[in-house]
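User: Can you walk me through this complex? I'd like to start with how the chains meet.

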Amino acid sequence: MSKANRTLKKIKHQGGRIVPHLILITYMVIALFPILLILINSFKNRASIFNSPFSLPNAETFSLVGFETVFGRADFERYFLNSSIVTLASLLFTLLIGAAAAYALTEYKFKGSTFLSIYMAIGIMIPIRLGTVGILQLMVRFGLVNQLLSLILVYVAMNLPMTIFILSNFFQQVPVELKSAARLDGASEYQIFGLVIPLVRPALGAIGIFTMIPIWNDLWFPLILAPGTKTATITLGVQQFLGQFVSDWNAVLASLTMAMVPILILYLFFSKQMVRSITAGAIK
Amino acid sequence: MVTKQRKKFPFYIVVFLAPAVIIYTIIMIYPLLASLGLSFFSRTSDNQYVFAGFSNYVTLFTDSFYMPRILGALKNNVIFSLIHLVIQNAIALLLAALVASKGRLRNFYRTVIFMPTVLSFVIIGFVWNLILNPLWGVSESILQAVNLGYLFKPWLGLPDTALITVSLISVWQFMGIPMILLYASLIGIPEELMEAANVDGANGWQSFWKIKFPLLLPTVGVVMILTFVGNFNAFDLIYTMKGANAGPEFATDILGTLFYRTFFGQQLQLGNINMGATVAAVMFLIILTGVLFYVFFWQRRVQNYEM
Amino acid sequence: MRKYKVFALMLVLVLAFAACTPANTPANAPAEDAPMDDAPAGEEVTITIESWRNDDLTIWQDTIIPAFEAHYPNINVVFAPGTPAEYNGVLNTKLEGGSAGDLITCRPFDASLALYEKGYLANLNDIEGLSNFSDVAKSAWITDDGQEVFCVPMASVIHGFFYNKDAFNEVGVEEPQTVQEFFDVLEAIKADGTYIPLAMGTADTWEAATMGFQNIGPNYWKGEEGRTALIAGDQKYTDDAYVETWKQLAAWRDFMPDGFEAVKYPDAQQLFTLGKAAIYPTGSWEIFTFEKDASFELGVFKPPVENAGDTCYISDHTDIAMGMNAATQHPEAVKTFLEWMTTEEFASLYSNALPGFFTLSDHNVSLTDPLAQEFMNWRNECESTIRNSYAILSRGEPNLENELWRLSAAVINGSVTPEEAAAEIQAGLDSWYEPAK
């Protein structure tokens, strides 16, 4: 904390409005630089990737050969569709189910509610790969292997602990008066839940985003549960495909770009939604 | 357990909880706990599993092969987590506070700062390997540009620096999460409170620490415990960048990589599911201790403090 | 409130989208699965190959499978590779969970033996074509008593050194035969300064063991003689032959690129194929990528011997085979495929489609790729052996192969001496291995 402390103090002394911007811009550069490096170099030929990684592609070094290789070989449209379905469906169910559970766990104190709260957090305390065989056996029994539904179920279960954990905290911060007033007005518990949900929208947005990311980027469960070409997600597709071209940096960078851009766009879209809900929430 | 108590229970609580509890129990808890149970068994030479009590745990902490690995992984994991708890969360708080106060550009800043968190481990591993790579020379030429070229070393490959380097890359990657949680909490603080403070003549700095920070404490607690849980359960970045053997010479070996290597095997090494489950159980106990501490100590205190 | 509705509307759309998924997938799936499950004999069946060789996807799809299906139009073969690093873990999980494919690509020695002993791989003694393989070829996929074969051997890889012929001409050096010449060449290239002498890094650790230790070592420990002596307990890793091998590796350090500790396998490949390095210690499996990527003339030389005229030993390592999932629904189709894999047609197709992977069968296959042919010729000039850590010695903990990776890299990095590495390896082995007397 002391580092932030000192920095903040410095800001105060200079009293300027520029310093905060400077800090933010500096960090922005650190955050963006590696991403830009991949983007720039995916449009260059192999020799200039190696010789001058910083330079922008010019007429001499511009090359789409990486993308040509990638598009020629992999079924990216299908992968993208699969990833989108899995990610969005998992996200929706996680938020819906998780919010209801988190609300119940914070709002109602009943016998065993603390135990249940801890029980619902066990999932993030054990390496998930430990349960792989058990999960696969379940899916084989349900007949869900090589179906996207198996991934959706796993991801919902996997993300519930974190969602409930974080949301519980935000529900705690909702003023009690609001709920008691509604109860006096004769609102049902479901209606009160509906009333409280908009108040935690910033948190819902945040959780939505960081639930979405590990799902999109997961390699392990697609490899185990849905490795078929029809159900391959984009991360699996890129990874399987990368093998042939490990030494071909054009193709590597191009496929990394292909995997990166959709999730960035998805993120920007959700982020916009989140901003809207945050501002709406703040203004009330 | 919810259904058992249904009679005493208001029905709506069951409605709220049932979907989550059922899905989570069937798909997460049952497979995980069943596998965790394997830590109490061992395999005989004719492929039979026999109950072994705590002998796997004893082996893990006394055997001349396992002991250095588990202790090394624990030590590395503590370092890995401390770097996150201190550096990541301090910077995240600073960034969240700055972003929350900057009117027009704040959404832009927030969006950009979060971007690395969006990327997959494969991409992050690949790009940082390139940046820090002595052959590609990206970081070397950056250092040379400010006349510090002599400082350059192949950090990822040296036993003394590899762990810190990987930790910092992980800090870079996950910065967005604490930042956005703190930010969401900060902007949820009612304006009236701040206006009242301004009327009292407090400046920005004072009002932040005196008024906002106490209100942030529950979220700070969440961030701390999530960092702790996430880092003692971390695996992917080190696996992507340094492989399951977590080289050089186990310098980057943490509990997650030790578990994976033991449970699934590695190259010619066959997986040992019993010892693997034992490592997982140790991870579980460590994290559970942290969470219980949080729930019964930190959370209660913070709530009291608020009242 | 209006904005909230937009968000709600979006969620509804997503829900509708998601609701279509379970409905869609089963509709597609039976088309693929149904004929598989209850096909009467003679009907079309589909069999799936599990593999870590995602590099070979197009070769299987475009060359090998069509050739097979031309003979057996009723059997459809799907090549479904995963990722190499996760292969063992994923395969074990799928076998245990009951969702693995019909044909299983086999790693050599104990990994596959363990699968056979657990009943996941079927006994293949009744595959007639196995008579086309020598005992050595089968040795990696046979029970310890030599009775039961469980995978059909596919290919071996041979270790050696690639070099940049243009660079050698420029500097004015020639292919080295002896260790002394090898270091003279390295010195000359270093003195010239245009090229990095050795393209290699230790970041991934396995190169140090596989492309270093197991590559040059057989000349020191006399191939099979040393390997079997280690298993019998008559030699130890602390013996001169092994320590000398590490000493040579340690001496490579001066010729490797700056910051080699952080240089990974693909980095070293780039360095070499972009013409920045002169020599690349590796194995025949690189032929395919190097011929594609390098813009200069490639040459190969075998691991240098101590004195000119000494018997040379090469690592001709049994690397890959194919087995049958014991739980397959279509044992007949799978055996038909495996039987075909023992034919000369397959041997020729495979070895030529994947130059650098040499058939293990006795068929006399002619190779169109000159570099592959050159590697193959070494089999006649030198004595062949396999990597000394693969058979039997990697069954316990600490795992010998893992230790060789770690300590060979450490020797090159200079953080342990060759003697220390040898002592540590032998101590690890002694802690669990008792040679059969």
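User: How many salt bridges are there between chain A and chain B?
Analyst: One. A salt bridge here is a side-chain nitrogen of Lys or Arg within 4 Å of a carboxyl oxygen of Asp or Glu. This is a predicted model: local features need pLDDT of at least 70, side-chain atom pairs count only at pLDDT 80 or more, and totals for chains, interfaces and linings use all residues. Residues are numbered from 1 along each chain as its sequence is written, chains are lettered from A and ligands numbered from 1 in the order in which they are written, and side-chain values use heavy atoms, leaving out hydrogens and water.

User: Which residues form the salt bridge?
Analyst: Arg129(A) and Asp236(B). Their closest N and O atoms are 3.6 Å apart.

User: And how much area do chain A and chain B bury?
Analyst: About 9300 Å², with 82% of it on carbon and sulfur atoms. That is accessible area (1.4 Å probe) lost on putting the two parts together, summed over both.

User: Which three residues of chain A supply more than any other three?
Analyst: Tyr27(A), Met125(A) and Leu130(A), with 8% of the area chain A buries against chain B.

User: Switching topic. How is chain B divided?
Analyst: Into domain 1 (1–53) and domain 2 (55–306). The bounds come from an automatic or database domain assignment.

User: How far apart are their C-alpha centres?
Analyst: The centres of domain 1 and domain 2 of chain B lie 29 Å apart.

User: What area do those domains bury between them?
Analyst: About 810 Å², 58% of it on carbon and sulfur atoms. On the domain 1 side, Leu36(B), Leu38(B) and Ser39(B) lose the most, together 54% of what that side buries.

User: How many salt bridges there?
Analyst: Zero between domain 1 and domain 2 of chain B.
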